[in-house]
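Thanks for coming. I will go through one model today, starting with the interface and ending with confidence.

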Protein chains: 2
Amino acid sequence: MKSIPDLLPEHLRATLGQRVDLIDTPALVIDLDAMERNIQRMAEFAHKHQVRWRPHAKLHKSSEIALRLERAGARGHCVQKVSEAEALAAGGVVNLYISNQVLGATKLLRAARLAAQLAARGGRLAVAVDSDEGVARLAEAMRVAGSDAGINVFVEIDVGQGRCGVAPGPAALALAQTVATQPRLQFAGLQAYHGGAQHLRTAVDRRQAIARAVQAVADTRALIESAGLPVPLVTGSGTGTLVHEAASGVYGELQPGSFLFMDADYSRNERESAQPQFEHALFVKTQVISVREGSHAVCDAGHKSHAIDSGMPLVWGLPPELALRYANGGDEHGILYHAGPQSRLPALGRMLWLVPGHCDPTVNLHDHLIGVRGGLLNGVVERIIRVDARGALT
Amino acid sequence: MKSIPDLLPEHLRATLGQRVDLIDTPALVIDLDAMERNIQRMAEFAHKHQVRWRPHAKLHKSSEIALRLERAGARGHCVQKVSEAEALAAGGVVNLYISNQVLGATKLLRAARLAAQLAARGGRLAVAVDSDEGVARLAEAMRVAGSDAGINVFVEIDVGQGRCGVAPGPAALALAQTVATQPRLQFAGLQAYHGGAQHLRTAVDRRQAIARAVQAVADTRALIESAGLPVPLVTGSGTGTLVHEAASGVYGELQPGSFLFMDADYSRNERESAQPQFEHALFVKTQVISVREGSHAVCDAGHKSHAIDSGMPLVWGLPPELALRYANGGDEHGILYHAGPQSRLPALGRMLWLVPGHCDPTVNLHDHLIGVRGGLLNGVVERIIRVDARGALT
């Protein structure tokens, strides 16, 4: 049955050298020029503040992009899942940090084996813990795997997110000491990410939230070090707050992901002058497939094409008088209402560009990212980038 | 780099015969017994009302499930995308209806070729239209493809959804006549789906919405037939309203999809006595990876594991006194608060079951559905079902 000659794989919706206007829809497209400017700005920012950056690959899930970030100065990559680490390792990435809790026995054994493999290639695996049980299970998996290469372990503390992590202070000290007693685990420092602060809309709210986080981290670090245990690194932060962690003198490493693509939700934040001018670099190309004159138009990108957990996408690049508002039309449709002073709807068949509400889960819906050089109006397809860890959940 | 021996493909999180408690998490699991009861109930319902059923494969995206539905009496399958039709055709499905607007030139040419291939296998392709431009483009694609087998064409009318479709009445008549003039297009009837009515919470609201839709369809059909053009079939409906379309005497075919799995959002509808007792049959298995005593627990399934566009998942199968409420914890986490009279959180490492808020986009996040026989407590893995059209967007 697979012999149908024109059963086109999805990635053939674009071919190298193709003009951007001929890419079939819906498609997830990277403006490579904009992405490279974002990488350059991040590298300059980290250099200026003398902090390391370990960008979060949960965003792009691509070994090609990970290696590109390393060439710009990134020191390894964060992931959230063992299977994401495996997928990036298969693509040649050797410094990986699972910045999350891993409890499942199968997953821990896989992580232990991956740690040995990465070490054999000159790299390193790290993982976060927030419980004695988690430490014991990880230590047992490392023992079973039988490697002496070891694994770096960060103690996760909750600095305001209200998700994983032990409380700052004595609980973190106790857990760090537990880690330090385990022969194959190297206590590597503190994981302290405040996810909830990234999308606080005003600059002052974000500043205050991170000031509290920084205080908690500094106190906890001092407590652990006063007990005789060095804290090699504090790692955390994201695109929304990185100006504050970078300036804190406490965080030694930043974990932003979204700076690479910049979704619509981040553009709703009040910008801080110290923040690099990151640009939108990820777009969904879509086509108008139905027009009801005087009412609305419908495009072929619904929430199977882009994630809507952080709000609807923006319709990009239209002159203000022809602005459109995207409303949820279900899994396969977007409904477009005119939002400018002129009540003109786009023509049937017209191609439009959307900026997704949230980049990370949008990328996870696609097998490939179509890299365009020369802009969305006149560019051509330069790269088709595989999303290696698409669907990597375990 | 691909030689890493333990780089486990995601689908190996479960193996045939494995006990359900050993399936790695997060995983999308079908309770096969419940699904088969849902299929049986739907078949009996359609038989009783003497209507055809063409279930919507946008839900399951699987040729294996499509063929299983056919064995129970389904007459072909709806899809929303040309690439979904191609993926199911590659798995042996030959009667397919793209119940959506297709405007792109590449997609139309693929549809035209697929129409010829399905006809050669004794099947048939159908598509919906809602514009003269859409009809002209489809006719041109059929001419270029050069097949004489033809394609069935439904005129889509908007019966309250406010999305695609022409207005009922004269606009529908004019479009039907345009279709009828085209040599390779066979006017097959009316597409009349009221998506917005499916999730109206009260039975009376749904009944009234569909009563208006039925009137619009009946009037439009009478108008077209009075102009001398037979209307072979009216097709539409969904799981939330099928009792009304089935009893209408106007709809000859039902297109429900969700009855197969029944998501959390449908369970929030007031049930009508005439509706079959469909059960939840699709679950996300997840593990507790972090516990903050006195506050909350965290599980390893976030909205990269299940769609949250229609609300949060339900935590399934717990006794009422230990009930948990799932709150959004981001892409990779769910936050669990106790919701029963006892303030007991689940233990670290505990396995839990979630009923997704919306099944269709949840299935689209996974490459495989793990089919379990014998229930979620003591069952074993019987089938690993490929989601053939996962990510099929064009």
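For what follows, two residues are in contact if their C-beta atoms, placed from the backbone, lie within 7 Å. Please keep in mind throughout that this is a predicted model.

With that cut-off, 62 residues of chain B are in contact with 62 residues of chain A. Which elements of chain B give two or more residues to the side that touches chain A? They are helix 3 (82-90), helix 4 (105-120), strand 10 (282-292) and helix 10 (359-363). Helix 4 of chain B gives the most, with 5 residues. Sorted by class, the side of chain B that touches chain A has 24 polar, 20 charged and 18 nonpolar residues. As a general remark, the size of an interface is often given as the accessible area lost when the parts come together; I am quoting contacts here.

Now chain A by itself. Chain A contains 17 strands and 11 helices. Its C-alpha trace spans about 70 × 55 × 35 Å along the principal axes. The radius of gyration of chain A is 22 Å, which agrees with the value near 21 Å for a compact globule, because that is what the rule gives for 394 residues. Of those 394 residues, 59% count as buried. Taking the contacts in chain A with a separation of 6 or more, residues 24 or more positions apart account for 69% of them.

One helix in some detail. Helix 5 of chain A, residues 132-145, has 14 residues and reaches 20 Å from its first C-alpha to its last, close to the 20 Å expected at 1.5 Å a residue. Which of its residues are buried? They are A:Gly134, A:Val135, A:Arg137, A:Leu138, A:Ala139, A:Ala141, A:Met142 and A:Ala145. What covers these buried residues includes helix 4 (105-120) and helix 6 (170-180) of chain A, along with strand 5 (124-129), strand 6 (151-156) and strand 7 (185-191). Just after helix 5 of chain A comes A:Gly146, with a positive phi of about 75°.

Last, confidence. Chain A has a mean pLDDT of 94, and 97% of its residues reach 70 or more. Where is the pLDDT of chain A below 50? Over residues 1-11, a stretch that has 21 contacts in the model beyond near neighbours in sequence. Where pLDDT is low, the predicted coordinates should not be read in detail. For the complex, the predictor gives an ipTM of 0.95 and a pTM of 0.96.

Methods. Residues are numbered from 1 along each chain as its sequence is written. Chains are lettered from A and ligands numbered from 1 in the order in which they are written. This is a predicted model: local features need pLDDT of at least 70, side-chain atom pairs count only at pLDDT 80 or more; totals for chains, interfaces and linings use all residues. Helices (H or I, at least four residues) and strands (E, at least two) are DSSP runs, numbered from the N terminus. Ala, Val, Leu, Ile, Met, Phe, Trp, Tyr, Cys and Pro count as nonpolar, Asp, Glu, Lys and Arg as charged, and the others, Gly among them, as polar. The radius of gyration is taken over C-alpha atoms; the globule rule is 2.2 Å times the number of residues to the power 0.38. A residue is buried if 20 or more other C-beta atoms lie within 10 Å of its own, exposed if 12 or fewer, and partly exposed in between; C-beta atoms are placed from the backbone. The expected span of a helix is 1.5 Å times one less than its number of residues. pLDDT is the predictor's confidence in each residue, from 0 to 100.
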